[in-house]
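Please walk through this chain with me, from its overall make-up down to single residues.

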Amino acid sequence: MFFIKKILRRILRRIHYSQISTKITIIYALCFIALLVLTNLLAWYGFYYALYQQAEKTLLFSMENTEKLLEKIENDKNLDVNSIRDPLVSGVVLRVINEKGEIFIDTDPHYLSVEQFDKNLMPSPPFWTNEDMEVAEIRNAIVYRAKLNFVHDGENFTLQFFRTITAQTNFFEQLKNTLIAIDIIGLILAVGTGFLVSRKILRPISTMTKTAQNIAIENMTSRIPVKPVNDELNDLAKTFNNMLDRLQVGITQQQRFVSDASHELRTPATVIRGYSDVLMRWGAKDPDILQESIEAIHSEAENMQQLIEQLLFLARSDQKRQPLNMERLDISEIVEDVFHKTRQVVHSHKINLIHNDSSIIFADKITIRQMLRIFLDNAIKYTPEGGTVTINSVKSEKFIRLSVKDTGIGIAVENQEKIFERFFRVNSSHSKQEVSGTGLGLSIAKWIADQHNIKLEIESELGKGTNIISIIPTQN
């Protein structure tokens, strides 16, 4: 018993750690075989039940007819007792035995003897047999016996009715062998069919596995072939391909981001190192060189600090760790504050505030102010000295339309969708003004706008300026 349990445990462990296709094959085969065996058993026992019932019915019918005839014989002395042979159904044998055990009437002297029947009597007949009847199994034959007591001329007699099932048992023996053969063939077909079906069903998963194994950072072009079939595995393949597309875009952006960031940091680092070398050689002797070097190092250090802060902001935003304190704010107060502070610092351009309607928005005060400053800084940066930057904030039914318009160099149509990309800069060759910056400001502004459900629109023409419009949802 312990050995059997050990073997079963090993088999179950191997199934548990086997491939999904193997599990599907085993489950499919077990279910199919269980259904097939159950159907065969029901058919087997159903036929047997019908066979036994037919034998019982013939015996009961014969007994009822005989009992009625015996009553007539008792009432009519002219009737011969031997006439009880007449109501028997074909195939039923009757033996009338007196008290001494002598056979008084025997409808078939060559039939199975009473002693042979008693010797082969089944101690536990099938549960569906009539409890008032006895069953004996002799070779390939099943014999039923039913008894009926009768008193005639003061003497007790026992009527024994026999019914043999012979041809039917041979048929059922053949049927049993046939059903066993069908079960074996069904098991083989179930295993083979289950294996083929599971392999076909799980083929997309195998393809996904091979595709995933072939994917590397250097090669993100592999995709799973998608068939025009609407099933779960096809949906999984589409999802997997979409995931690879997003990963490829993300990796490409990351590689470009790292490359651009390295390039941007290299410039101030090179400048700082160059002026440091100049200071080490001649700075102590020449006050002009000393002052120029200090100013250049200070300027590049500020640029580097600004770039690092912008990179950290974007890194936190990519990781969804950039904090936002959302609250109800009056947008006019933020616009007024940014406008006055910008005009106090910038004297090379005209900064105008045309309209500043009051409206309540649900936003983070710090980042909304930062977005507006970025738009103003870019407008000033790409507008020649003496140009004009105009702020206009007009309220509509559900939105506030905030625009920052300049009279600068403008943006070409093909570049208008690119200005929010990281490290992208508009070509300033149309302007004699030297333009500096990291190319990250508008990327940060775009992220802030997305977090506040703000829609950004651009109106620009080369040589005529740019107008960046922020459509901000309001709370009143």
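This is a predicted model: local features need pLDDT of at least 70, side-chain atom pairs count only at pLDDT 80 or more; totals for chains, interfaces and linings use all residues.

Residues are numbered from 1 along each chain as its sequence is written, and side-chain values use heavy atoms, with hydrogens and water left out.

The chain has 10 helices and 12 strands. Helices (H or I, at least four residues) and strands (E, at least two) are DSSP runs, numbered from the N terminus. Of the 476 residues, 37% are buried. Buried means under 20% relative accessible area, exposed means over 50%, and partly exposed lies in between (1.4 Å probe, protein chains only). Take the contacts between residues at least 6 apart in sequence: 64% join residues at least 24 apart. Contact means heavy atoms within 4.5 Å.

Now the cores. A nonpolar core is a set of buried Ala, Val, Leu, Ile, Met, Phe, Trp, Tyr and Cys residues joined through side-chain atoms within 4.5 Å. The largest one has 43 residues, and Met371 and Phe375 touch the most other members. Several elements each supply at least two residues of this core, among them helix H7 (287–318), helix H9 (365–381), helix H10 (441–451) and strand S12 (465–473). The largest share, eight residues, comes from H9. Leaving out residues up to four places away in sequence, Met371 touches Ala445, Ile448, Ala449, Ile454 and Ser470. A second, separate core has 26 residues, including Tyr52, Leu69, Leu94 and Val96.

Next, the helix packing. Two packed helices are described by the angle between their axes and the distance between the axes. Axes are lines fitted to C-alpha atoms, for helices over the stretch in contact, and angles run from 0 to 180 degrees between N-to-C directions. H9 and H10 pack at about 145°, with axes 9 Å apart. Their crossing is left-handed. That term applies if the near helix is turned anticlockwise from the far one by less than a right angle; clockwise makes a crossing right-handed. H9 brings Thr367, Ile368, Gln370, Met371, Ile374, Phe375 and Asn378 to this contact, while H10 brings Gly441, Leu442, Ile444, Ala445, Ile448 and Ala449. By class, the contact of H9 with H10 has nine nonpolar, four polar and no charged residues. Here Ala, Val, Leu, Ile, Met, Phe, Trp, Tyr, Cys and Pro count as nonpolar, Asp, Glu, Lys and Arg as charged, and the others, Gly among them, as polar.

H10 also packs with H7, at an angle of about 35° and with axes 10 Å apart. This crossing is left-handed too. Gln310, Phe313, Leu314 and Ser317 of H7 meet Gly441, Ser443, Ile444, Trp447 and Ile448 of H10.

How many residues of H10 are buried? Eight of the 11 are, so H10 is largely enclosed by the rest of the structure. What covers these buried residues includes H7, H9, strand S11 (455–461) and S12.

Look at serine 443 in H10. Serine 443 counts as buried because its relative accessibility is 6%. Beyond neighbours within four places in sequence, it is in contact with Leu314, Phe420, Glu421 and Arg422. A polar atom of its side chain lies 3.3 Å from the backbone oxygen of glutamate 421.

Asparagine 453 counts as exposed, because its relative accessibility is 63%. Most residues other than glycine have a negative phi. Asparagine 453 has a positive phi, near 55°.

Finally, turn to the second core's leucine 94. It lies in strand S1 (residues 92–98). Leucine 94 counts as buried because its relative accessibility is 0%. Leaving out residues up to four places away in sequence, its contacts include Leu88 and Phe161. Serine 62, in helix H2 (residues 20–75), touches Leu88 and Phe161 as well, among others. Serine 62 is also buried, with a relative accessible area of 0%.

How values were computed:
A polar contact is a pair of N or O atoms within 3.5 Å; within protein, one must be able to donate a hydrogen and the other to accept it, and residues adjacent in sequence count only if both atoms are side-chain atoms.
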